[in-house]
Amino acid sequence: MITCTAPSPPAPPVLARRERVARVWTLGRFVLAGLTGNVAHAAVFLALSAWAVVPVVAVNVVAVVLSTLVTNELHRRFTFPGGRSTAWFKGHGAGGAAAVVGLVLSTAALAAWHHLVPGASGASGLVVVYVVTGLVGLTNFLVLRSLLRPTVTLAA
């Protein structure tokens with residue numbers, strides 16, 4: 001048995017328009033899932049940081065892990081419905097890898113920003129983090145869109 005993603009034949013103009021609209025809706029669901037993950041991150045971060053005994057770095061790591069799990073599951077079930085048929089670890093592995101890459105790149109960009117612009121405001125640093133995170137998110141969208149696509153099974 002061979003498993004592959006079926007190539008699609010050239011689409012007539014009406015189908016091409018429908019496909020473009022479907023892609024826009026998919027991107028919208030991706031953004032909505034990401035916003036939900038950000039709300040989950042904030043809720044966990046604020047709840048755990050209320051305990052004075054937990055270091056803020058540990059609080060952030062726990063919040064990132066939990067919000068990444070929430071967001072990845074939303075992507076599997078809601079953003080890319082074909083992802084439901086994809087193995088759990090495959091979708092979460094790709095999303096988790098994107099979260100790690102995003103954390104590393106945004107931290108590096110923030111450090112570089114403060115090195116290049118000594119005395120930069122916290123707000124400008126936040127903008128740098130959001131720009132890098134947005135670029136990583138866009139890359140994650142493109143990867144997940146191809147990874148969580150339904151597969152067609154052909155009998156050999």
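**Figure 1. The overall fold runs β-α-α-α-α-β along the sequence of the protein.** The model shown is predicted. Its secondary structure amounts to 4 helices and 2 strands. The protein has 156 residues, of which 24% count as buried. Contacts between residues at least 6 apart in sequence include 64% that join residues at least 24 apart.

**Figure 2. The largest pocket is lined by residues of several helices.** The volume of this pocket is about 1200 Å³. A total of 32 residues line the largest pocket, and those closest to its centre are Gly34, Asn38, Ser67, Ala99 and Thr133. Helices α1 (13–49), α2, α3 (88–116) and α4 (122–147) each contribute at least two residues to the lining. Helix α4 gives the largest share of the lining, with 9 residues. Rolling a probe the size of a water molecule over the atoms shows where empty space is left.

**Figure 3. A nonpolar patch lies on the surface.** The patch consists of Val61, Val62, Val65, Leu66 and Leu69, which together have about 380 Å² of accessible area. One of these residues, Val61, belongs to helix α2, which spans residues 56–79. Val61 counts as partly exposed because its relative accessibility is 46%, a value between the limits of 20% for buried and 50% for exposed.

Figure 4. Side chains of opposite charge can pair when their charged atoms come close. The whole structure contains 2 salt bridges.

**Figure 5. Glu73 also forms a salt bridge with Arg77.** The N to O distance between the side chains of Arg77 and Glu73 is 2.5 Å. Arg77 and Glu73 are separated by about one helical turn, because they are 4 residues apart in helix α2. Arg77, at 49% relative accessibility, counts as partly exposed. Through salt bridges with shared partners, Glu73, Arg76 and Arg77 are joined into one network.

Terms used: Residues are numbered from 1 along each chain as its sequence is written. This is a predicted model: local features need pLDDT of at least 70, side-chain atom pairs count only at pLDDT 80 or more; totals for chains, interfaces and linings use all residues. Side-chain values use heavy atoms; hydrogens and water are left out. Buried means under 20% relative accessible area, exposed over 50%, partly exposed in between (1.4 Å probe, protein chains only). Contact means heavy atoms within 4.5 Å. Patches are made of residues with over 30% relative accessible area and no salt bridge: like charges are joined within 9 Å, nonpolar side chains (Val, Leu, Ile, Met, Phe, Trp, Tyr) within 5 Å. Accessible areas come from the Shrake-Rupley method with a 1.4 Å probe; for residues, only the protein chains shown count as cover. A salt bridge is a side-chain nitrogen of Lys or Arg within 4 Å of a carboxyl oxygen of Asp or Glu. On a 1 Å grid over the protein atoms alone, a cavity is a set of points where a 1.4 Å probe fits but cannot get out, and a pocket is an open set with protein on both sides within 12 Å along at least five of seven lines; lining residues have an atom within 4 Å of a point. Grid points are joined across faces, edges and corners, and a volume is the space filled by probe spheres set on the points.
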